[in-house]
Structures are given as structure tokens and as C-alpha cells.
Amino acid sequence: HDVYGPWGGMIEIKIRNVSRGVVQVDEMSPEAEFTFEVLDSADKPVALTELGGRNAEALSKNAPNLGWASRIQLAPLQEITMRANISKLFQIEPGHAYTVTIRRTKNLPKADESGRPLKEVEVSFSFEVPEVGILR
């Protein structure tokens with residue numbers, strides 16, 4: 001039988017190289033590398049915390065040095081995992097339903113494997129957190 005627990009805002013992000021070649025990924029802290037959008041069950045934006053407001057302001061100004069950085073070479077099918085607690089950025093309350101969208105536009109390839117420029121470079125993913133919480 002399934003056991004659910006309240007969601008406290010912790011997310012795990014995996015990036016996998018699905019190309020045929022080695023890809024270089026400049027990895028920073030998730031808060032500097034990704035943008036997050038959190039909507040409540042009425043599709044209204046969830047309020048930011050003080051830190052979330054400062055982070056959003058810095059990202060809107062393309063401020064450098066928002067977190068640690070490293071350069072990683074990913075072989076085909078190799079992946080990296082990052083964790084972020086978005087309750088530090090949003091006023092998340094356990095027992096409430098949310099829709100979370102994660103976007104990344106920074107540090108992504110600007111050209112395809114053939115060297116042709118890409119028109120738009122963004123990776124995004126959305127998921128829902130039900131009121132009962134998440135499967136443990």
C-alpha cells in the first residue's frame with residue numbers, strides 16, 4: 001500500500017545527456033541556474049519568501065555569482081542530479097496542492113550537434129503536488 005507524506009518543497013532535478021556526443025555543462029546552484037514557478041490549487045502564484053524575492057530580482061538583472069559553479073563533461077546517457085528546496089524561495093505549506101514549473105535557459109547549448117544555431121534554448125518541466133503530499 002502507498003504511503004504519502006507532506007511535501008516540504010524539496011525537489012530533485014536530473015539532467016541527462018541524450019545526444020551522441022560529450023556535452024559540457026556549466027553547473028551552478030539550482031537557485032541560480034533554474035527559474036521556478038509555483039501555483040496553488042486555484043492557479044494563483046504562491047508568494048515568494050524574502051530570499052525568493054531577492055533571488056528573483058537578481059535573476060531578472062542577470063546578476064553574476066548567484067551560487068557555486070563547476071564545469072562537467074557528460075558522456076552520452078550520463079546524468080547529474082541536483083537538489084533544491086524551493087520552500088526557501090516560496091511560501092510552501094504542507095497539505096496544500098501545487099503545480100510547480102522548472103525552467104532552465106542559462107548555460108544550455110546554443111547550437112545543435114551539426115553546429116546549426118538553435119532558435120530557442122529552454123528546458124522546462126511541470127509537475128503537480130496533490131494535497132495528500134508525495135509518495136514516500
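Leaving aside its neighbours within four places in sequence, which residues is Y98 in contact with? Taking contact as heavy atoms within 4.5 Å, the list for Y98 is W7, V38, L39, D40, V46, Q91, I92, E93, F127, E128 and V129.

Before going on, a word on the source: this is a predicted model, in which local features need pLDDT of at least 70 and side-chain atom pairs count only at pLDDT 80 or more, while totals for chains, interfaces and linings use all residues. Residues are numbered from 1 along each chain as its sequence is written, and side-chain values use heavy atoms, with hydrogens and water left out.

Y98 belongs to strand β7, residues 98-104, where strands are DSSP runs of E, at least two residues long, numbered from the N terminus. Five of the seven residues in β7 are buried, meaning under 20% relative accessible area with a 1.4 Å probe and protein chains only.

On pairing, which requires at least two DSSP bridges between two strands, β7 runs antiparallel to β4 (residues 35-40) with six bridges, and T35 stands opposite R103. Strand β8 (residues 123-129) also pairs with β7 in the antiparallel sense, over seven bridges, and there S126 is the bridge partner of T101.

Definitions and conventions. Buried means under 20% relative accessible area, exposed over 50%, partly exposed in between (1.4 Å probe, protein chains only). Helices (H or I, at least four residues) and strands (E, at least two) are DSSP runs, numbered from the N terminus.
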